[in-house]
Amino acid sequence: MKKSVFLGTLAVAGLTAGIAAAGTLEDVQARGVLNCGVTTGLAGFAAPDSNGVWQGFDVSYCRAVAAAVLKDPTKVKFVPTTGQTRFTALASGEVDMLARNTTWTFSRDVDLKFTFVGINYYDGQGFMVPKSLGVSSAKELDGATVCIQTGTTTELNLADYFKANNMQYEPVPIETNAEAQQQFLAGACDVYTTDRSGLAATRATFANPGDYVILPETISKEPLGPLVRQGDDQWADIVRWVTNALVEAEDLGITSANLEELSKGTNNPEINRMLGTEGNFGEMLGLDKDWAKRAIAANGNYGEIFAANLGESTPIGLARGLNALWTQGGLQYSPPFR
């Protein structure tokens with residue numbers, strides 16, 4: 001078993017090295033479309049709407065990158081991936097980047113040869129149960145059946161947590177969030193565990209969300225963010241600095257409403273550098289001077305993206321929490337544009 005896992009890792013790494021050398025920016029621009037790996041469907045993060053148009057927090061990052069490099073946020077092909085298929089899709093070149101609730105870990109970064117370009121959502125794993133189960137803490141789940149997505153950090157965290165607390169559980173393996181929801185609602189498992197944001201997003205789609213509770217424990221750190229293949233520093237820089245630009249725009253007060261006015265020039269040099277009225281930051285990336293302006297225009301700044309897809313005024317109803325700006329008690333800030 002260990003040998004097969006090791007060889008599988010080598011195969012993914014080999015694919016990564018071969019594909020990355022090709023020059024992803026040139027490939028995307030020649031193709032005219034960004035192939036972006038997303039989840040198979042998670043409300044608020046990435047899911048098709050009633051017209052089949054993909055919407056969500058992660059989707060917004062795909063569109064921002066497309067706007068920066070292709071000058072059109074609609075030039076995206078969304079490729080649904082599961083916890084099991086996502087890394088092969090990226091390593092093989094089927095997708096140019098992943099933006100789908102993926103946790104930055106040592107082995108994924110180093111062993112699988114991927115480059116995480118930043119953390120756009122600080123999360124942690126939790127547990128959701130029917131209110132009728134009558135439990136108020138994860139410490140009361142000894143002997144429970146648990147729906148768990150395979151091929152994820154969630155699966156490993158679950159095993160660690162139950163072992164550390166001397167509890168037993170019966171796993172109910174599932175591939176997608178839709179399958180987890182179906183099994184959980186059908187009573188095939190007592191508990192559904194995943195990132196707390198994912199639990200809130202899933203519960204929001206239930207016919208009777210009040211019948212289900214998310215338990216108070218957070219059992220892991222789940223720093224989520226976009227990732228690309230190792231070996232193509234230019235492409236990693238582009239996706240990284242598009243990600244940074246969305247956060248820095250909020251920090252600097254750049255919004256959808258004032259973007260056009262500010263892009264004419266201001267007395268703030270950092271705004272000017274980012275929006276292209278001073279310096280040659282676009283040229284350093286192999287893009288034009290308006291790359292960041294287009295990325296922000298695609299969906300708004302980080303705060304606007306969060307509010308529209310996940311915020312307290314949406315059915316998902318998430319507070320910013322750790323994902324507030326550093327000036328508001330959170331962890332979000334960008335390295336300087338200088």
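Which elements cover the buried residues of α13? I began with this question. The model is predicted, so I note its terms: local features need pLDDT of at least 70, side-chain atom pairs count only at pLDDT 80 or more, and totals for chains, interfaces and linings use all residues. Residues are numbered from 1 along each chain as its sequence is written, and side-chain values use heavy atoms, with hydrogens and water left out.

**Entry 1: helix α13.** I took helices as DSSP runs of H or I with at least four residues and strands as runs of E with at least two, numbered from the N terminus. Helix α13 spans residues 291–299, and its buried residues (under 20% relative accessible area, 1.4 Å probe, protein chains only) are W291, A292, K293, R294, A295 and I296. I found that their cover includes α3, α9 (233–252), α10 (259–262), α11 (269–275) and α12 (281–285), with contact meaning heavy atoms within 4.5 Å. Just after α13, G300 takes a positive phi of about 95°.

**Entry 2: nonpolar cores.** I defined a core as buried Ala, Val, Leu, Ile, Met, Phe, Trp, Tyr and Cys residues joined through side-chain atoms within 4.5 Å. The largest has 59 residues, and those with the most contacts inside it are L34, F57, V69, W235, I254 and W291. Helix α3 (residues 57–70) supplies the largest share of this core, ten residues. I then listed the contacts of W235, leaving aside neighbours within four places in sequence: T24, L25, V28, L34, V65, V69, D96 and V228. A second, separate core of 15 residues includes A144, L158, Y161 and F162.

**Entry 3: strands β9 and β10.** I looked up the pairing, which requires at least two DSSP bridges between two strands. Strands β9 (residues 144–149) and β10 (residues 169–174) run parallel and are joined by six bridges. The chain passes from β9 through helix α6 (residues 153–164) to β10 in a right-handed β-α-β crossover; with the strands pointing away from the viewer, such a path runs clockwise from the first strand over the helix to the second. I148 has P173 as its bridge partner in β10.

**Entry 4: aromatic rings.** I counted Phe, Tyr and Trp rings (six-membered ring for Trp) as paired with centres within 6.5 Å; planes under 30 degrees apart are stacked, over 60 edge-to-face, and the rest tilted. The count comes to 21 aromatic pairs. The rings of F184 and Y212 have centres 5.5 Å apart and planes at 50°, so this pair is tilted. F184 lies in helix α7 (residues 177–185) and Y212 in strand β12 (residues 212–214), 28 residues apart. Both F184 and Y212 are buried.

Notes
Buried means under 20% relative accessible area, exposed over 50%, partly exposed in between (1.4 Å probe, protein chains only).
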